[in-house]
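Student: Could you walk me through this structure? I have not seen it before.
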2 protein chains.
Amino acid sequence: MATPPGLRERKKLQRRKLIEDTALELFAREGFDATTVETIAAACDIAPRTFFSYFATKDDLVLTDYADRLQRILDAFAARPADEPAWEALQRSFEAIAADYESEADSLRARFAIMATAPSVRARSLELQLGWEFALAERLAERADVADDTVARLLAGTALAIMRGALRQWLTSGTDSHPPELMRRGFSLAGNGFDHL
Amino acid sequence: MATPPGLRERKKLQRRKLIEDTALELFAREGFDATTVETIAAACDIAPRTFFSYFATKDDLVLTDYADRLQRILDAFAARPADEPAWEALQRSFEAIAADYESEADSLRARFAIMATAPSVRARSLELQLGWEFALAERLAERADVADDTVARLLAGTALAIMRGALRQWLTSGTDSHPPELMRRGFSLAGNGFDHL
DNA sequence: TGCATTCTTGCGGTCACTGCAATCTTTCAC
DNA sequence: GTGAAAGATTGCAGTGACCGCAAGAATGCA
């Protein structure tokens, strides 16, 4: 695990990354719709058919790190002490992943821009997030303080909404704000039941 | 406006409904993916090309009433007194549309079942809901007590999450629960900041 | 009845995505 | 080092959603 797990795997990962990078560049330059899978394949010197053994969907190119990020949220969540209130555990977990955002700012911005113009990507993104919601709700439901399945679902859904909001604001506003801060603010607002209203 | 607005329009609406009904029946019987647009068109005695002048997308067949429902939410929201707290206004508006659910139970159930199996439909549904969130956030931002745009967004996002949860629970659990009740429960939980946790 | 408007339809085409079977590469056992 | 097993790449042929266009049919109105 320390040293590479075989040349085969390494090549596969390398190539995957090459495809992704090439594609994102093309998307940025020519637009998402105007860039065909065939073009991407050609630019990577692979057969069009091969593309689909790396990515199931053209949309997925823009959303590669989603699975990773979910895993990071789940890990962070699992690492919280069991006696911590669920809401607080959620907040801390999301704050933790928000801290990673800043180092990926450019990539996120590029992907966000594509989502803004390509409905299918936006839709797929939301669907993946629904998967997150589900996974997170499952973990939440295991907590002692979250008896109900519906409550778990609602908690997860709210957390995700906060996350979307924070990410969105960070990416569209200037650079003066920081993701963890925005995330905290969202959790704080919702956690107080929007009580200033 | 009282009497039909011309035979042409009536026919168009009629036909639209025919296509929708036929399609939903086919989906239920054969499955969403297994039913091609061509099949639907044939069953309706129209040319395949004509289908697309009634529905932009095969997916949209399952989500026909989304635009209407959004309008109903917005209307209900606009009808709330201006001095009412935003959160309460939201709750009342969503409760109001939840009351309509029960009369459409069969249709909703059928559509929900399709969404459960067809990812593209689910994704499209979420994307439409994002549109709702946006529209609702705009209205919210006009309220005196919602100064911030981000707060408006967050409020709308939370409300939508509550709605999804309520709808989901109602459709998957037995018939012993009622949508407005579930909706109220969700709003109550979030409105209290999940304070029992 | 005749004309303008609007629908319907067929045609040809694009593009994402798939299953299959052949070919080539890497791995690994000997 | 060789050869066989396992895995990856590729081409081919096909499906199905969806689109632009232009011709033909239906409709509404004068």
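Student: Which residues of H4(A) meet which residues of H5(A)?
Tutor: In this predicted model, Arg69(A), Arg72(A), Ile73(A), Ala76(A) and Phe77(A) of H4(A) meet Ala89(A), Ser93(A), Phe94(A), Ala96(A) and Ile97(A) of H5(A). Two residues are in contact if their C-beta atoms, placed from the backbone, lie within 7 Å. By class, this contact of H4(A) with H5(A) has seven nonpolar, one polar and two charged residues. Ala, Val, Leu, Ile, Met, Phe, Trp, Tyr, Cys and Pro count as nonpolar, Asp, Glu, Lys and Arg as charged, and the others, Gly among them, as polar.

Student: At what angle do the axes of H4(A) and H5(A) cross?
Tutor: The axes of H4(A), residues 66-78, and H5(A), residues 86-101, cross at roughly 135 degrees and come within 8 Å. Axes are lines fitted to C-alpha atoms, for helices over the stretch in contact, and angles run from 0 to 180 degrees between N-to-C directions. H4(A) and H5(A) are therefore oblique to each other; angles under 35 degrees count as roughly parallel, over 145 as roughly antiparallel, 65 to 115 as roughly perpendicular and the rest as oblique.

Student: How many helices and strands does chain A have?
Tutor: Chain A has nine helices and zero strands. Helices (H or I, at least four residues) and strands (E, at least two) are DSSP runs, numbered from the N terminus. The C-alpha trace of chain A spans about 55 × 40 × 30 Å along its principal axes.

Student: And the numbering and lettering?
Tutor: Residues are numbered from 1 along each chain as its sequence is written, while chains are lettered from A and ligands numbered from 1 in the order in which they are written. As the model is predicted, local features need pLDDT of at least 70 and side-chain atom pairs count only at pLDDT 80 or more, whereas totals for chains, interfaces and linings use all residues.

Student: Turning to the two chains, how many residues of chain B are in contact with chain A?
Tutor: There are 32 residues of chain B in contact with 32 residues of chain A. On the chain B side, H5 (86-101), H7 (119-142), H8 (149-172) and H9 (179-191) each give two or more residues. The largest share, 12 residues, comes from H8(B). That side of chain B has 17 nonpolar, nine polar and six charged residues.

Student: Now the DNA. Which residues are closest to DNA strand D?
Tutor: Of the 20 residues that surround DNA strand D, the closest are Ile46(A), Ala47(A), Thr50(A), Leu7(B) and Lys58(B). A residue is near a molecule or strand if its C-beta atom, placed from the backbone, lies within 6 Å of it. H1(A) gives the largest share of this surface, three residues. The surface near DNA strand D divides into six nonpolar, five polar and nine charged residues.

Student: What comes nearest to DNA strand C?
Tutor: Leu7(A), Thr36(A), Lys58(A), Ala47(B) and Thr50(B) come nearest, of 20 residues around DNA strand C. Here H1(B) gives the most, with three residues.
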